[in-house]
Amino acid sequence: MSASKKTAWAVAAAVLLPLVVAVPAHADTKDEKDKQPKPPAAMSSVGGPLLGSPGTQVKLGPGAPVLPKELSGRSWIVADAENGQILAAHNAHWPLAPASTLKMLFADTLLPKFPKTQNHLVTTADMAGIGEGSSLVGIKEKQTYSVHDLWLGVFLRSGNDAVHVLTSMNNGLRQTVKDMNDHAAELQALDTHVVSPDGYDAPGQVSSAYDLTLIARNGMQKPDFREYAATPRAAFPGEQKPGKKRETFEIQNTNRLLTGDLGVAPYQGIAGVKNGNTTHAGATFTGVAERNGRVLLVTVMNPSSKEQHAVYRETARLLDWGFAAYGKVTPVGELVPPRSARTGTSAPDDGSVPAPGKNAPGDSARAAAKEHQSGGVGIALAVAGGVLVLLAGAVFLVNHRWPLAASAARRRRSEQTPESAPDVTP
């Protein structure tokens, strides 16, 4: 590999009124808390002013369960995946290292660019600059892989080798980083700054629990994204040897709530999405699950608990709480729609963002309204490899519900009463 490519990837490698609670919900001891980094005193207020305040934000109504005590994540969020309401949050906009959860943005940006049947012969240049200790799916140089194979490697094994190959196919590191940052801006994931597309620790690379949840919600609108995120295990191509049929080997999803492993039980109703772990980021995870027709998204970043696999266990607790609290809490904010859904312009199908002032007229506003009226999109997720992915017979739904800003504001005003109006702004 060339020195310039090494350098480029090295640089890319940092009934009463609802009860308002704004206190930490941590399981750490006092000494451990004192050693933990502190969130900024003021953070972004995208999605609502409460989300810009440090600490836990939740508005408990009558009969609502209290939040679990065993929570140690520096930042976390519980949101309704369909309507975007945030049920509870803790340091929601704290910019932190995202680890491989950033691959959700990578996938949401690049998935529309390449047909899954397209084949690619891997070169030495494609594999240049993979960070030391990276998670790998096992891609070999001078071997051909389909785009479908590469995405399986990204989603199931969090393979940085698969990310590097797709990055090379997308005209390289600089172009891919630009595309991802542009797409984050389009989604209004404004805490996010991409340096390395695979999520490998790199100076200045950050995201937030709010942004990762926003990105996951947008990704789950795409059928291919949903399919890959919900796949527990798959066959992956091995090395092609002359005169022999190409062998395959099994890969398993590293999302322990999906597959169950290492003492972590599968979470009933789970359907993705992505986990990560690096030295700087610690453990990170965004998960989506369905129960009784409700679909929730939970993101947990960098738990400090010494509990084994704490990021999964804390996610499961927050999912349990969210399902139990649904309808008994007042939302503390919302997952905002993409910019194009609010302005009535449309982003290109390749996931990139039109240049400022050059938005071509589109029909995304009409499409958003139509999807809102029709109830959104849905697919039945399969039970694969004997692992229960969803409740028996369940259909997993994630609705767009991205009307224009004016109509959304009118709807919120019409739904609010003086006693129950949420303390949030568009």
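**Close-up views of salt bridges and a buried glycine**

**View 1. D108 and its partner K222.** D108 is buried, with a relative accessible area of 0% (buried means under 20% relative accessible area, exposed over 50%, partly exposed in between; 1.4 Å probe, protein chains only). D108 pairs with K222 in a salt bridge, their closest N and O atoms lying 2.5 Å apart. A salt bridge here is a side-chain nitrogen of Lys or Arg within 4 Å of a carboxyl oxygen of Asp or Glu. This is a predicted model, where local features need pLDDT of at least 70 and side-chain atom pairs count only at pLDDT 80 or more, while totals for chains, interfaces and linings use all residues. Residues are numbered from 1 along each chain as its sequence is written, and side-chain values use heavy atoms, leaving out hydrogens and water.

**View 2. D224 and K116, with E227 joining in****.** D224 forms a salt bridge with K116, the closest N and O atoms being 3.2 Å apart. K116, D224 and E227 are linked in a network of salt bridges. D224 is partly exposed at 29% relative accessibility, and K116 is also partly exposed, at 29%.

**View 3. D320 meets R291****.** Here the side chains form a salt bridge at 3.4 Å, N to O. D320 counts as partly exposed at 36% relative accessibility, and R291 does too, at 25%. By the rule used, the count comes to nine salt bridges.

**View 4. G172 and D126.** With 19% relative accessibility, G172 counts as buried. G172 and D126 sit 46 residues apart in sequence and 8.7 Å apart in space, C-alpha to C-alpha.
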